[in-house]
Amino acid sequence: MSKPWRHGIRAGVAALGLLAGVAVAGYWVPLVKDNLHDPESPAIGVLQEPAEALSKLPPDPAGNQVDWIKAIEDGVIQPRTGLHSREPMRIRDDFILLENTGEMPMVRFPHRSHTLWLDCKNCHEKYFVSRAGANPINMYKILQGEYCGRCHGAVAFPLTECKRCHSVPRKKD
Amino acid sequence: MGRWSGIALAGLLLAGSAGAEYGDVVLNRRAESEGMPPVIFPHWFHRIRFRCKVCHLELGFEMRAGSNDVTMQDIIDGKFCGACHNDEIAWGTENCDLCHSGRPGLETGIRGGHATKGPGVW
């Protein structure tokens with residue numbers, strides 16, 4: 001039963017299975033195989049394929065596998081700021097420290113990366129009151145799609161990326 | 001199940017989870033009941049070309065899949081998708097198949113979530 005060579009073969013098969021999975025998951029699925037587009041649709045072959053566009057952008061291990069902030073900051077993409085106007089974005093460079101995070105490291109919210117994409121009015125006062133400490137944010141609400149969860153977990157990096165937000169260790173007494 | 005087969009299975013599950021691109025939205029609140037295939041909206045394609053604020057402020061799209069009651073008449077009148085899809089900025093509404101390209105029976109909502117499968121209400 002426990003012949004050493006059998007372990008070797010099994011380990012080999014396991015490694016291949018794991019590698020195959022990681023390799024496929026790391027790439028962008030063609031539209032025809034995405035379980036959303038109808039493979040018979042005339043749009044297949046006309047619509048741009050995710051791999052064609054996204055493989056050229058700065059990489060990231062989550063979401064679309066694209067670092068969308070770096071893509072703008074490095075000028076790899078220049079998405080329009082208005083339908084017709086070219087007015088600059090209202091960029092804000094400060095950070096907000098959210099200290100009430102239980103056992104997790106504190107959250108350092110960077111206004112800059114958010115205002116590269118969004119206008120102040122997208123979040124304020126609709127989803128976030130413009131006063132530090134005035135927003136009763138918690139992970140349960142975020143997982144339900146409120147507050148940060150409006151975007152994170154849907155179009156911005158997912159909620160499995162804990163440390164990207166919870167990045168400031170608490171000082172030990 | 002042995003240790004090795006468990007690792008292999010984990011790898012294959014990872015492969016099997018691949019599908020919709022992160023942020024893809026299915027719009028089927030009206031489409032199929034009115035005789036057209038569901039619409040697949042790819043966030044990734046649009047955000048390469050437009051900041052979030054253009055659609056989610058200027059065009060008035062709520063940031064919640066399923067909460068935008070968009071009719072084809074709205075689009076033809078230049079609202080919502082029709083602000084760009086007018087043969088000037090992007091293809092016009094005569095190209096039905098390019099947006100209405102979804103499989104039959106898809107439910108409205110946002111897809112392509114990571115391991116959490118996205119927030120519960122989506």
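Reply: A residue counts as buried when its relative accessible area is under 20%. By that cut-off, 35% of the 173 residues of chain A are buried in this predicted model.

Me: What makes up chain A, and in which pattern?

Reply: Chain A holds seven helices and three strands. Along the sequence they follow the pattern α-α-α-β-β-α-α-α-α-β.

Me: Why is Asp24(B) said to have no salt bridge?

Reply: A salt bridge requires a side-chain nitrogen of Lys or Arg within 4 Å of a carboxyl oxygen of Asp or Glu. The nearest side chain of opposite charge to Asp24(B) is that of Arg111(B), 8.9 Å away, so Asp24(B) has none, although it is buried.

Me: Where does Asp24(B) lie, and what is it in contact with?

Reply: Asp24(B) belongs to the loop between α1 (3-16) and β1 (25-27) of chain B. Beyond its neighbours within four places in sequence, its contacts include Asp34(A) and Leu36(A), as well as Trp44(B) and Arg111(B).

Me: What makes a group of residues a nonpolar core, and which residues touch the most other members of the largest one?

Reply: The members must be buried residues of nonpolar types such as Leu, Ile and Trp, joined through side-chain atoms within 4.5 Å. The largest core has 14 residues; Leu54(A), Leu57(A), Trp68(A), Ile77(A), Trp117(A), Trp44(B) and Ile48(B) touch the most other members. At least two residues each come from α2 (50-54) and α3 (68-73) of chain A and from α2 (43-49) of chain B. The largest share, three residues, is supplied by α3(A).

Conventions: Residues are numbered from 1 along each chain as its sequence is written. Chains are lettered from A and ligands numbered from 1 in the order in which they are written. This is a predicted model: local features need pLDDT of at least 70, side-chain atom pairs count only at pLDDT 80 or more; totals for chains, interfaces and linings use all residues. Side-chain values use heavy atoms; hydrogens and water are left out. Helices (H or I, at least four residues) and strands (E, at least two) are DSSP runs, numbered from the N terminus. Buried means under 20% relative accessible area, exposed over 50%, partly exposed in between (1.4 Å probe, protein chains only). Lys and Arg count as positive and Asp and Glu as negative; His and the chain ends are not counted. Contact means heavy atoms within 4.5 Å.
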